[in-house]
Amino acid sequence: MTNGQAFHRLLRMVAPFWKMVLASVLLGAATVLSSVGLLGTGAWIIAKAALHPPIGDLNVAIVGVRFFGIARGAFRYGERLISHDTTFRVLSRLRVWFYAALEPLAPARLQRYRSGDLLARIIADIRTLENFFVRVLAPPWVATLTAVLLTGFLAAFAPRLGLAWLVFFLLAAVAVPVWARLRARRAGQVLVSRRAALNAALVDHVQGLADALAYNYATTQRRLALRLGEEILGAQAAMASLEGAEQALQILFSGLGMLAVLLLGVPLVRAGALGGVTWVALVLVALSGYEAAFGLPTAAAFLESNLAAARRLFELVDAEPAVKPPAHPAALPAANDLRVEALTFRYAPDEPPALRQVSLDLPEGKRVAVVGPSGAGKSTLIALLLRFWEYDEGRITLGGRDLRELLPDEVRSRFAVVRQKPFIFSGTLRENLLLAAPDADDARLDAVMEAVRLADWLHTLPQGYDTDLGGQGLQLSGGQRQRLALARALLRDAPILLLDEPTANLDALTEQALVDTLLETTRGRSVLWVTHNLVGLEAMDEIVVLYKGEVAERGTHTDLLARGGLYRRLWDLQRQNLVEV
Ligand SMILES: Nc1ncnc2c1ncn2[C@@H]1O[C@H](COP(=O)(O)OP(=O)(O)O)[C@@H](O)[C@H]1O
Ligand SMILES: [Mg+2]
């Protein structure tokens, strides 16, 4: 995306607020003009007073000083009020817009981004855009308006005064910011990219602190952060000295502009074309008018950083969702028979298929197990059922309808899932359970906790269901997290259960017990049970053995044992382990 396109899209996002923009530009110009009026009338009074006029001659100008003095404050206040109010409105719209755009991208399209990078985009980039309105859009218009009015005002006394003032105004308002932008480009890019890198590195560092400490990797990471910090400091120093130069140049041009009006006025006063007192006032009017140019270098700098931030946001938002809802979705069928027919799937066009010609039948109320070694494609199958990724070859049907004809959210409403790496939200135990069934009462929660073998643990918790599980449930063991996720799945009244290795982190005894109750509790519901642990499979209606993305064999437990294939070998291996333990 080019800067121009990004700029246009940003403009379109603030377009609904154009009245506010206009108001803040007018108020901004009025503020500058009040300063000009204040200095002009002030200078006039002083110059006039030196000539000892009757006091009545000063009266109008004194009123003018009062007026401009008060108006300046009032205008500035109004301008700040409007522009900040608008900024916060724009920001909240941006956040909502960004989050809404992000949702359909999860999880397939977001896995490319490091979580620190994602966080930086959501927080820092959007906050950068906060400047777009106040510091980028308005100042050039304020400057233009002021320049037109003041050039006209000065030219009304003598054209050359207006012209001279304008030349130095253009130098201060256009030449200086452009020059500075060209000089700052490199440092600015370094700053943005290093800041993003530092952000990502810090998030990695904090999240992975325990592993980093265990492998003595922390020092390396600290050094990386330190190096990035030094580079950022260097770039900031370069930017700061450039900013200093910018300000110095602007002040220089203001002074020169004032000097030009002063010198050009001398012959006019001598010739009697301009009154001496007026001349003094005009010199100060000229000087104070340059105030309108002072915000422009900042505007140019912010424009650049805003465009960079906007491009990063748009790039993310524009990513095609992996699964696009159909334009004319079919109604969700009442039946829950699930069929997978000759499904072939690759994560990327140039990768080998993660699933190849996989077929599977899960009639309503039946139980099918998918077993196979790690990397066989079991979780991939579940991700496809949940519509996290799109498939092109083969079909998946629910109640006879291809999933591609249905709304992804509606498809998901038929499933209760235990993902292989379940996410526990920061919050209390109750909150984590109720997200699956908001109306469940304690009796129901108790029953489920009993079923997943967490009842004993629950009784040890000081505040029971209201115990805070800490940030992302990190205080829980792997097995506890998994059983909690299982409890959530049981609470959710969905006809089909998808269980991705729900017992992987459990000891053999707990596992056996859990499997028994699980089979008992889920009676009547369809269950797709994914596992590489061959426990409890006697009760399955069918077992599908996946190997490297393909169905290697299928049948009931007894069939497969009798066949002496892969399943038999896995079974023997696991039993041997059990015996040895
Ligand atoms: N999000 C992903 N992006 C790209 N490749 C993936 C992704 N998830 C899994 N894979 C690949 O697909 C294959 C099957 O993985 P997976 O379905 O997780 O196996 P299993 O659950 O049976 O252990 C593996 O080769 C794995 O590297
Ligand atoms: Mg898996």
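**Entry 1: His52**

I looked up His52 and found it exposed, at 71% relative accessibility. I call a residue exposed over 50% relative accessible area, buried under 20% and partly exposed in between (1.4 Å probe, protein chains only). His52 sits in the loop between H2 and H3. Its phi is positive, about 50°, although His52 is not a glycine. I noted that because most residues other than glycine have a negative phi.

**Entry 2: ground rules**

The model is predicted, local features need pLDDT of at least 70, side-chain atom pairs count only at pLDDT 80 or more, and totals for chains, interfaces and linings use all residues. Residues are numbered from 1 along each chain as its sequence is written, chains are lettered from A and ligands numbered from 1 in the order in which they are written, and side-chain values use heavy atoms, with hydrogens and water left out. Helices (H or I, at least four residues) and strands (E, at least two) are DSSP runs, numbered from the N terminus.

I placed Lys548 in the loop between strand E9 (542-547) and strand E10 (550-555). Lys548 is exposed, with a relative accessible area of 58%. Next I checked the peptide bond from Ala106 to Pro107, which is cis, with omega near -10°. Pro107 lies in the loop between helix H3 (59-102) and helix H4 (115-128).

**Entry 3: Thr31**

Is Thr31 buried or exposed? Thr31 is buried, with a relative accessible area of 0%. Its helix is H2 (residues 18-49). Leaving aside neighbours within four places in sequence, I found Thr31 in contact with Arg72, Phe75 and Arg76. Contact means heavy atoms within 4.5 Å.

**Entry 4: H5 and H6**

I compared the axes of helix H5 (residues 130-157) and helix H6 (residues 159-207). They come within 5 Å and cross at roughly 150°. Therefore H5 is roughly antiparallel to H6. Axes are lines fitted to C-alpha atoms, for helices over the stretch in contact, and angles run from 0 to 180 degrees between N-to-C directions. Under 35 degrees counts as roughly parallel, over 145 as roughly antiparallel, 65 to 115 as roughly perpendicular and the rest as oblique. The contact residues include Ala143 and Leu150 of H5 and Trp165 and Phe169 of H6. They divide into eleven nonpolar, two polar and no charged. Here Ala, Val, Leu, Ile, Met, Phe, Trp, Tyr, Cys and Pro count as nonpolar, Asp, Glu, Lys and Arg as charged, and the others, Gly among them, as polar.

**Entry 5: H14**

Which residues of helix H14 (residues 442-451) are buried? I listed Leu445, Val448, Met449 and Ala451. They cover an arc of only 160° around the axis, so they lie on the same side of H14. The arc is that of the directions from the helix axis to the C-beta atoms. Their cover includes H13, helix H15 (455-460), H16 and H17.

**Entry 6: magnesium**

Ser379 (OG) and Gln420 (OE1) coordinate the magnesium ion (ligand 2) at 2.0 to 2.1 Å. Ser379 lies in helix H11 (residues 378-385) and Gln420 in the loop between strand E6 (415-418) and helix H13 (429-434), so the pair ties together parts that are 41 residues apart in sequence. Donors are N, O and S atoms within 2.8 Å of the metal (3.2 Å for Na, K and Ca); water is not among the atoms, so sites may look incomplete. Ser379 is partly exposed, at 30% relative accessible area. Gln420 is partly exposed too, at 37%.
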